[in-house]
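Please examine the chain below.

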Amino acid sequence: MRLLIYGDSLTAGYHSNGLRFSPWAPALRALLGVEAVDAVGHSGWTSSEMRAAMDEEAADVCGLKKPGMRLAMRTQGPFDAVVILAGTNDLASEGSPERISGSIQLLHAAARAEGARTVAMAIPESLAARHVPALAATRAVANERLAAWARSQGESVLWVDTGALLPYSEPSAEGGHLWEPDGLHLSQAGYAALAERLAPKLAPWLLLAPARESAGSLPPPSAPPSPPRGGEGREAENDVRAAERAGVAVAEMLGGSGALDEEELRRALEAVRLGGGAAVAAFARSFGPRRLVRRLAAGLSESDLSEACDQLLAACLAGEGDSDGGGAFAGLAGGAVVGEADVHREEMYPDAVVRLQRPLAPRGTPLAGGGGGGGGGGGGGMLHLRLHLPLPGSAATFDASRCAVSLQPVADGGGANPPAEELAAEATEALAAEAAAEATATVSLRTLSRRAAFGAEIECKVWPASVLLARWLWQHPWLVRGRSVLELGAGVGLAGLGAAKCGAARVALTDINRKALQQARENARLNGIECVCAEHLDWAAPPILRAEGAMEGAAGGCEAALQQHEVLLAADIVNGDGLSEQVERMVRLHLAPRGLFLMVAPRPFHRHRVDELRGLLLASDTLQTAIAPVPEWLSAGIEEAADIKHELYVVQRRTPCEMERFKRPSRNEETTSL
């Protein structure tokens, strides 16, 4: 790796009124660990003068003859990259910002035409540029234009804000020793500081390109590539070693770096990852997992950066690259550092908390119970569905116009209805119990990184439908209280956990994806819920149909997939061909005679396969179905639900009398309340 620094007196290391020069190229070479760093600095030259003399040797204001940039690249090169630090003298020549930035851009174009990438350093601060308004404005606009251009060039040009890297300081102020009394040039210590502060920002970008080219699509650090044999094999092995050296160099640079912005940190972490286990080990020694965790805790806007951090932290915690089992990783894996893995997870992927309680509803909105219409028809099926679900002392009716279940007192065994005062007392007790439960009316869910959820991205996502179903159950807890509940396609288990919070006797979370089931079990433990089990369930081969009743993957002796249940739950589970028929069959197999199937799904406009399930349920001679639009207030705070409208399906088995009535030629009664 060969580097050229090109510019004016600040590149030449001018100080002590030109009596001495302290070029910072040697210090930068030592910090980067590259083959060579050459410097050509024309004291007193503007960027226009540099551009005019690119192909010739000429003397600067100090009388020193030096080659132009293109001549230097052709006679001293080749160079992999060129750092261009120019523009300071342009400010004194009263050039416009557009002309200054344009001349500097042409220098970059010439260097790139020679096959080198370039580093665009901002016009530095100075005493005059800070205190003379016209100069300050020219410098600011020129730097803005240059920065915008550099960032538009992708990885081929790196932008470095020199002023932020080494701000000007008055001689009497802190950091003043880094500047000469003329307020324009750096002192010998200032040039050393410039190299020291530039190296961590330059190294990731400078070393990343060859690391990418050498490593190609390298596997994770734990599985280094095996190069082919023969001459090509030796060349490939050398390339891999080069990528490793680059990664180690970047990792060591991170240890002494100051503040890195997100783009610089992303480049650095990518270089370390491509460098393999040795680079990861160097990273653990220099930058360190704890420091990275603290950086993550401060917030990162780039998802790619969060993912890169997650991969490296996981590698550090696993001890990758630590061949002797100690040293750099001592205490990171295992229990020597208490909670290090949890800190990593919680800082970067904090638990999601889903609130279930009813303050989401606007004041005056009917939630459940009571009479009254409420305007607007149901989404399909029956407008009023008298539920067969046994409720002591009450009868329940689902009103599709309000998407709510109302309770009506009934006579008990031929006796009189309960007195009004008794019903009022029960209502007061219920409200008090609900108020007491408000504090626990949340479900916490572990948030997985993309790496951890790989292969289960759909199943491990918390879909809006599951939040809506859990919230709706919280408004109607008597539907699941004390009952056996089975959730189909549970994913991470939100709806089923919500049912458990509402008092379900036992809840079975089922899914075909084992990674999602593992996460569902973790979520049950996180919420302190003991009545939940998680089972593998393949709708294409339901265990309930197998005579032997063998249950693959059953946890803790739970055999819910072999049984019928009083309540079945589902949230947005129809998203592919053939699933509608399978779901309809699972309902017929697992729904108890007086049970209830509750499903929230996007409208068919958003999930076209849902229309198939809707048709199967409405045409069934054994099932009754009511469909209602989910109220908007229930969607409060769910961003996706604002664009994707959902419906609630309430399904139960028909009684023998109802089945007979359904089969009659005249079905007018089907549209009336039962």
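The account begins with the chain as a whole and then turns to individual elements.

This is a predicted model, in which local features need pLDDT of at least 70 and side-chain atom pairs count only at pLDDT 80 or more, while totals for chains, interfaces and linings use all residues. Residues are numbered from 1 along each chain as its sequence is written, and side-chain values use heavy atoms, with hydrogens and water left out.

The chain contains 24 helices and 22 strands; helices (H or I, at least four residues) and strands (E, at least two) are DSSP runs, numbered from the N terminus. Of its 674 residues, 50% count as buried, where buried means under 20% relative accessible area, exposed over 50%, and partly exposed in between (1.4 Å probe, protein chains only). The accessible surface of the chain is about 29,500 Å², and carbon and sulfur atoms account for 52% of that surface; these areas come from the Shrake-Rupley method with a 1.4 Å probe, and for residues only the protein chains shown count as cover. Among contacts in the chain with a separation of 6 or more, 73% are between residues 24 or more positions apart, a contact being heavy atoms within 4.5 Å.

Consider next an open sheet of five strands, which has the order E4-E1-E7-E8-E9 and parallel pairing. Two strands pair if DSSP finds at least two bridges between them. Strand E4 (36-41) and strand E9 (157-160) are at the edges; each has a single partner strand, so one side of each is left without a neighbour in the sheet. From one strand to the next, the twist averages 20°. Strand E8 (residues 117-121) runs parallel to E9 and is joined to E9 by four bridges; Met121 has Val160 in E9 as its bridge partner. Helix H8 (residues 133-151) lies across E8 and E9, at about 145° to E9. For such angles, axes are lines fitted to C-alpha atoms, for helices over the stretch in contact, and angles run from 0 to 180 degrees between N-to-C directions.

A further open sheet consists of three strands in the order E12-E13-E14, and its pairing is antiparallel. Its edge strands are E12 (384-386) and E14 (404-409), each of which pairs on one side only. Here the twist averages 25° from one strand to the next. Three bridges connect E12 with the antiparallel strand E13 (residues 394-399), and Arg386 has Thr397 in E13 as its bridge partner.

The structure holds 15 salt bridges, each a side-chain nitrogen of Lys or Arg within 4 Å of a carboxyl oxygen of Asp or Glu. One of them joins Asp60 to Lys66, with the closest N and O atoms 4.0 Å apart. Asp60 is buried at 7% relative accessibility, and Lys66 is buried at 18%.

Another salt bridge joins Arg483 and Glu566 at 3.5 Å, N to O. This pair links distant parts of the chain, 83 residues apart: Arg483 is in the loop between helix H18 (464-475) and strand E16 (484-488), and Glu566 is in strand E19 (residues 565-571). Arg483 is buried at 7% relative accessibility, whereas Glu566 is partly exposed at 29%.

Asp577 and Arg609 also form a salt bridge, with an N to O distance of 2.2 Å. Asp577 belongs to the loop between E19 and helix H21 (579-590), and Arg609 to the loop between strand E20 (591-602) and helix H22 (610-619), so far as sequence goes 32 residues apart. Asp577 is exposed, with a relative accessible area of 59%, and Arg609 is partly exposed at 22%. A network of salt bridges links Arg603, Asp611, Arg614 and Glu647.

Which aromatic contacts complete the picture? Three aromatic pairs are found in a search of the whole structure; rings of Phe, Tyr and Trp (its six-membered ring) pair if their centres lie within 6.5 Å, with planes under 30 degrees apart counted as stacked, over 60 as edge-to-face and the rest as tilted. Tyr14 and Phe21 make an edge-to-face pair, 5.7 Å centre to centre with 85° between the planes. Tyr14 is buried at 16% relative accessible area, while Phe21 is partly exposed at 30%. The pair of Tyr168 and Trp179 is edge-to-face because the ring centres are 5.0 Å apart and the planes stand at 75°. Both Tyr168 and Trp179 lie in the loop between helix H9 (162-165) and helix H10 (188-215), so the pair ties together parts that are eleven residues apart in sequence. Tyr168 is buried at 4% relative accessible area, and Trp179 is buried at 8%.
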